[in-house]
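The entries below follow the order in which I looked things up.

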Amino acid sequence: MFEAADRSAERNNRVIREIADRVIPHQAEFAEGLLTSIITDMPSVVPDREYRDMLRVSVIENTMILLDALRANVDPASISPPPGAVTYARGLARRGVSLADLLRIYRVGQAQFTGICLDVADGLDEANDLRAVKTVIDTVATYLDHVCECITVDFEEERERWIHSRSGLKQHWIFRLLAGTVVDTTEAQRAIGYPLSGTHLAVDAWITPDRAQVMAPDEVLDRFHDLLTTAAARAQTVSVHTDEAAMTIWVSLREPERNLVARLRALLDADPLPVQVTTGLPCDGVDGFRTSYDQAARVRALAESARPGPPQILTFADVAPVAMMRGDVAELRHFVGETLGPLSTDTERAHELRETLRVYLACNRSPAAASERMMLHRNTVTYRVQQASEELEGTPDGVDQFTVSAALEVCRWYGSSVLRSP
């Protein structure tokens, strides 16, 4: 009887190991699929590229640990959460993201991972061994319940430390303003030391790797803050560090500052700093505080994916039509592919042709103006436009300029995310 039980247990473990082995080749696909669904459905938990990277690491580490636990028949409740998951949870706590949103990520991940396990089990010879399949599902659930309990403790402890620090308290109120959960604006104004009734301009500034110099991030951002307040005639400001190399600053404008960006650009030309800057539009009241921030954040996302790279200061007004296309990236990719055909391929040659055609159309089809703007010989511009026209199976005069120009602008600002692989 004992031998039969041992054989049954061994068969059970063998089927579980086989399921885990069959999931392993799908790890990367699972991680990217989960990341895409979270970015689409829960943008608050992936506010920028850094948090997307942290979430990707957390998903990959959790998946590897779970597969190892299945293969080695380890008690999932005995495993500590991976470092990447803890780092990501603490980061969300400092940004004021709710614990419910963090735990929802794990629920979505559990459902998708369980689905993959069931898919691969369907093709096994011993897939009818329901005991093994049930063990896999129970192991996944137990591991994620255990990780969620541990992560909740880390999250709440980090939130407590953050709220009780001086800068954390200010961040706490600012993120509540951005989330729209503040009822008493008077209390919020007192907490952050900044008027909420006027006109606000949100400015994002961050240090990019290509601009990095031998200079402490805090020093760079503090100097930038000084330059901004100088450009805004010493207007009241409030700032919050979104990470160690990035900050958002709101300027309370006493009157429309039409030349603020121009003055800031001149100051940066005279005192260069290794920062990339984006701004929203001046907007009024508490809603304007949030709206200008959302606009600056959208422009930052475009600045980070733009090809060629953006100017050092980029405003929402500069890219408003493209910035408002914050829909489904897959939909944009389809639009680009259908409109540009072979020019939608992510290659250097296609990039040269797209960019030349984009500038040529923006210059009212003037080769001379396009060559001056791109600092290319006029013959080069003419040759590339001809090649691009052939790829489009027509001439620039024979295409719908608005549609083509829109697709080219999407490529210029969204970069590889809307292009097809070679």
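**Entry 1: overall layout.** I took helices (H or I, at least four residues) and strands (E, at least two) as DSSP runs, numbered from the N terminus. On that basis I found 17 helices and six strands in the chain. I keep in mind that this is a predicted model. The C-alpha atoms fill a box of roughly 90 × 60 × 40 Å along the principal axes. I then asked what part of the chain is buried. Of the 422 residues, 46% are buried, where buried means under 20% relative accessible area.

**Entry 2: helix α11.** I checked the length of helix α11, residues 285-305. Its 21 residues should span 30 Å at 1.5 Å a residue, and I read 31 Å between the end C-alpha atoms, which agrees. I also looked up which residues of α11 are buried. The list includes Gly-285, Gly-288, Phe-289 and Arg-290. Further along α11, Tyr-293, Gln-295, Val-299, Arg-300 and Leu-302 are among the buried residues.

Entry 3: I looked at the peptide bond between Arg-307 and Pro-308 and found it cis, with omega about 5°. Most peptide bonds are trans. Pro-308 sits in the loop between α11 and β6 (313-315). I went on to Pro-321, which is in helix α12 (residues 316-323). I count Pro-321 as exposed because its relative accessibility is 56% and the cut-off for exposed is over 50%. From Pro-321 to Ser-165 I read 40 Å between C-alpha atoms, for two residues 156 apart along the chain.

Entry 4: How many salt bridges does a search of the whole structure find? I got 17.

The side chains of Arg-90 and Asp-154 form a salt bridge, at 3.2 Å from N to O. Arg-90 is in helix α4 (residues 83-94) and Asp-154 is in helix α6 (residues 130-164), so this pair ties together parts 64 residues apart in sequence. Arg-90 is partly exposed, at 31% relative accessible area, whereas Asp-154 is buried, at 15%.

Arg-223 and Asp-271 also meet through their side chains in a salt bridge, at 2.6 Å from N to O. This pair links distant parts of the chain, 48 residues apart: Arg-223 belongs to helix α9, and Asp-271 to the loop between α10 (260-270) and β4 (276-279). I noted Arg-223 as partly exposed, with a relative accessible area of 28%. Asp-271 is partly exposed too, at 26%.

Entry 5: Glu-355 and Arg-358 make a side-chain salt bridge at 2.6 Å, N to O. Both residues lie in helix α14 (residues 348-362), three residues apart, or about one turn of the helix. Are these two partners buried or exposed? Glu-355 counts as buried at 11% relative accessibility, and Arg-358 is buried at 15%. I also noted a network in which salt bridges with shared partners join Glu-32, Asp-53 and Arg-56.

**Entry 6: negative patch.** Which residues gather in a patch of negative charge on the surface? I listed Glu-50, Asp-218, Glu-219, Asp-222, Asp-226 and Glu-244. Helix α9 (residues 217-231) gives the largest share of the patch, four residues. Asp-222 is in helix α9, and I count this residue as partly exposed because its relative accessibility is 43%, between the 20% and 50% cut-offs.

**Entry 7: positive phi values.** Most residues other than glycine have a negative phi. I found a positive value at Asn-364, near 55°. Asn-364 is in the loop between α14 and α15 (367-374) and is exposed, with 67% relative accessible area. Arg-365 also has a positive phi, about 60°, although it is not a glycine. Arg-365 lies in the loop between α14 and α15. I noted Arg-365 as partly exposed, at 22% relative accessible area.

Definitions and conventions:
Residues numbered from 1 in each chain as written. Predicted model: local features only at pLDDT ≥ 70, side-chain atom pairs only at ≥ 80, totals over all residues. Heavy atoms only, no water. Patch = residues over 30% accessible without salt bridge, like charges linked within 9 Å, V, L, I, M, F, W, Y side chains within 5 Å. Areas by Shrake-Rupley, 256 points an atom, 1.4 Å probe, with all protein chains shown as cover. Salt bridge = Lys/Arg side-chain N within 4 Å of Asp/Glu carboxyl O. Lys, Arg positive; Asp, Glu negative; His and termini not counted. Charge placed at Lys NZ, Arg CZ, Asp CG, Glu CD. Buried < 20%, exposed > 50% of the residue type's maximum accessible area, 1.4 Å probe, protein only. Expected span 1.5 Å × (residues − 1).
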